[in-house]
Amino acid sequence: MRVCLATPPFYSPVPDEPLSLPLGPAYLGAALLAAGVEVRIIDGALETVTRLSANRYLYGLSPDRLAQAILQTQPDLIGLSCPFTTRYSLFRQTVQSLRQVAPKIPIIAGGIHPTLFPQQVLEQDGVDMVVIGEGEKTLAELIRRYGELNRLEAEGLDGVVWLSDDRTTVVPKRNYVQNLDELPLPALELMPVERYLARSGGRWASRRLRSLPLLTSRACPGRCSFCSSRAVQGPIWRAHSAERVLLEIERLVKDYHPALIAFEDDRLTWQRERLMAICKGIVERRPAVRWHTPNGVHVADLDEELLIWMKKSGCASLNLAIESGDDYILHKVIGKKATRRQALDAAAACRRLGIAANGYFVVGMPGETEQSLLNTYDLCMELQLDGLGVFIATPFPGTRLFADCVKKGYIEPNSVFDKIASADDTALLNSALFETPTLKAERLIWWKQKIERDFIRQLYRRKPALKWKRAAANLARKLRVWYD
Ligand code: B12
Ligand code: SF4
């Protein structure tokens, strides 16, 4: 039995976005290999970058070419992932192309968007089955049964959606893998890791460094209104043991020599003792690698002792997910259990210990006002960070923020869904998809730009050498783009 796991390409407004290795297919591939299945993985976003217009680029193969590439692997079954809602339009086109060239090969869809909208993906896009949520065990079992029965049979499985006799059957996801150590190490041997390493630099501390992602846990007990974590990974935080994480780090260093590991967990810091054990284990074993947290860490989980061990174990930078400097927005609107004081303490401790601290903020939530933005501005300046990401609130379908915006009449659900489903991601971050009675969109953009501009001025005043270093790096980047 041969299975091809594939991921669609994506649009971007810039030609030189870094790419990171997708762990979903790597975990799935490992589970299938362990079940004796022959697996091919095609990341449709990896191949080429095609300029479509002045600020629209296609990363990877066109849907037609991706379908051809999948077909060339001669699969008995295709597992197609849609890892973000922003890739949904290209995912749909890939399914259509596949249906034209290979109408008889079953297609199972999975990943974040099909998890959020399984019925829609099944009924409108013509896939044969959708797997909701983490798919290692379910996909392996479906394939085992397919080998035996020569048909897709989901009876008794959970987190599966299929169509029979024109009726859709939805069995919601209930069982998540509780002991993550049961899962084999992600099957990086099925992926062109060197190519990811060559294109990985550029996100935060990874500038021009060879970096690889690693997940030490899944899910988050939090319920922030803009976040899809709970919907995709379930409500219960689950983790690999410290020992398994150390093994995985050693494997990455030994086999691929990354300079940096990106912990991409939703809540790396949730169980303090486990993280301490990971840090102490790294200090003991001394793998030649540093690490950072581009997905953000929760400031309420941090304390000085933990930060000391993080630093000792090679933490290059922490991205602090602070979100807002306004208590009403942070607690009542976003619903994040953290405080201004915790953000200030974490940033000050990072400064003392020599860990670069970057801050993530989200502006333009319902209820945002000139005053709440001023509070965020003040906090940004007071934190004295090393880097800053100010994102405009995006109501991703399936989140509480989306439902709230619909309820309040701020968005028309179908049109926002369509915009996000065919978006180029960075452009999405820079535009306001809704405005509220308390704040006009142009004021929101003005505030975002002011926070970013004044932050950079402050940063260069604090670290004058950085100004010249960044100017040189930007020039080099532009030259690279021009010459390419
Ligand atoms: C790492 C990460 C990234 C990396 C992606 C690296 C990569 N190449 O995949 C980067 C930094 C590039 C990134 C970017 C973005 N991200 Co992001 N990212 C994540 C993060 C933190 C982890 C993803 C991950 O690796 N998970 C671990 C693996 C094991 O899980 P998985 O991929 O979901 O795969 C499992 C299942 O889904 C399923 N499955 C997957 N595919 C298939 C296929 C089949 C056939 C089957 C059966 C099952 C199956 O089985 C897998 C194994 O269990 C998630 C948070 C999260 N909890 O998911 C956010 C998340 C996916 N990102 C999100 C967003 C919004 C974005 C951006 C749009 C942000 C932005 N505005 O720019 C961009 C889009 C990028 C793009 N170009 O398309 C949202 C997605 C919401 C949505 N509805 O789309 C999430 C959920 C964050 C959140 N908290 O809300 N991201
Ligand atoms: S703390 Fe982070 S991962 Fe958890 S719900 Fe909030 S935004 Fe999502």
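The chain comprises 19 helices and 18 strands in a predicted model. Its radius of gyration is 22 Å, close to the 23 Å that the globule rule gives for 484 residues, so the chain is as compact as a globular protein of that length. Along the principal axes, the C-alpha atoms fill a box of roughly 65 × 55 × 50 Å. Buried residues account for 45% of the 484 in the chain. Of the contacts between residues at least 6 apart in sequence, 77% join residues at least 24 apart.

Ligand 1 is surrounded by 41 residues, of which Gly24, Gly79, Gly110, Glu134 and Gly135 are the closest. Two or more residues of this shell come from each of α1 (23-34), β6 (77-81), β7 (107-110), α4 (112-116), α6 (136-149), α8 (229-233) and α17 (425-429). Classified by type, the shell around ligand 1 contains 20 nonpolar, 15 polar and 6 charged residues. Both domain 1 (2-171) and domain 2 (200-483) contribute at least three residues to the shell.

Helix α1 has 12 residues and spans 17 Å from its first C-alpha to its last, close to the 16 Å expected at 1.5 Å a residue. Within α1, the residues Pro25, Ala26, Tyr27, Leu28, Gly29, Ala30, Ala31 and Leu32 are buried. The cover over the buried residues of α1 includes the strands β1 (2-7), β3 (38-43) and β6, together with the helix α6. Just after α1, Gly36 adopts a positive phi of about 80 degrees.

Note on methods
Residues are numbered from 1 along each chain as its sequence is written. Chains are lettered from A and ligands numbered from 1 in the order in which they are written. This is a predicted model: local features need pLDDT of at least 70, side-chain atom pairs count only at pLDDT 80 or more; totals for chains, interfaces and linings use all residues. A residue is near a molecule or strand if its C-beta atom, placed from the backbone, lies within 6 Å of it. Helices (H or I, at least four residues) and strands (E, at least two) are DSSP runs, numbered from the N terminus. Ala, Val, Leu, Ile, Met, Phe, Trp, Tyr, Cys and Pro count as nonpolar, Asp, Glu, Lys and Arg as charged, and the others, Gly among them, as polar. Domain bounds come from an automatic or database domain assignment. The expected span of a helix is 1.5 Å times one less than its number of residues. A residue is buried if 20 or more other C-beta atoms lie within 10 Å of its own, exposed if 12 or fewer, and partly exposed in between; C-beta atoms are placed from the backbone. Two residues are in contact if their C-beta atoms, placed from the backbone, lie within 7 Å. The radius of gyration is taken over C-alpha atoms; the globule rule is 2.2 Å times the number of residues to the power 0.38.
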